[in-house]
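Good morning, and thank you for joining.

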Amino acid sequence: MNRPPERAVADWIAEGETTIAVFCIAKGCGHHAAVDITRLPPETKRSQIIRRARCTACGSREVKLMRDMDAHYRRMLEERGFDPTPRPAR
Ligand SMILES: [Zn+2]
């Protein structure tokens, strides 16, 4: 199976990201934190970040990475004056 090349810090920086969200997937924890990727070597791969990450709340090494949506929305708002934050359905 052909998989797309693994994403690295340089790719996220090129897209304007400065942080990436790390979520703890240990049962019952749910801790998450934004990692400052500008301080990591640009060639650092996604899997390397996952391998090095450890939950500061429960000590689990089971984490997943996600785009930092808070920062993403904040940037959209600053750049375009558009607030895409979903509103609760009525
Ligand atoms: Zn945790």
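Predicted model: local features only at pLDDT ≥ 70, side-chain atom pairs only at ≥ 80, totals over all residues.

Let me begin with strand E1, residues 19-24: its covered face carries Ile20, Val22 and Cys24, while Thr19, Ala21 and Phe23 lie on the uncovered one. In a regular strand, side chains alternate between the two faces of the sheet. Strands here are DSSP runs of type E with at least two residues, and helices are runs of H or I with at least four, both numbered from the N terminus.

Residues are numbered from 1 along each chain as its sequence is written.

Which strands pair with E1? Strand E2, residues 32-36, runs antiparallel to E1 and is joined to it by five bridges; two strands pair if DSSP finds at least two bridges between them. Within that pairing, Thr19 has Asp36 as its bridge partner. Strand E3, residues 63-67, is also antiparallel to E1, again over five bridges. There, Val22 is partnered by Leu65, and Cys24 stands opposite Val63.

Together, the three strands make an open antiparallel sheet in the order E2-E1-E3. E2 and E3 are at the edges with a single partner strand each, so one side of each has no neighbour in the sheet. On average, neighbouring strands are turned by 30° against each other, direction ignored, with axes taken as lines fitted to C-alpha atoms.

**Helix H3**

Helix H3, residues 69-80, has 12 residues and reaches 16 Å from its first C-alpha to its last. That is close to the 16 Å expected, the expected span being 1.5 Å times one less than the number of residues. Just after H3, Gly81 takes a positive phi of about 65°.

Is Met69, in this helix, buried or exposed? Met69 is exposed, because 11 other C-beta atoms lie within 10 Å; the cut-off for exposed is 12 or fewer, for buried 20 or more, and partly exposed lies in between, with C-beta atoms placed from the backbone. The C-alpha atoms of Met69 and Ile20 are 8.6 Å apart, although 49 residues separate them along the chain.

**The whole chain**

Finally, the protein chain has three helices and three strands, following the pattern α-β-β-α-β-α. Of its 90 residues, 11% count as buried.

How values were computed. Axes fitted to C-alpha atoms, helices over the stretch in contact; angles between N-to-C directions.
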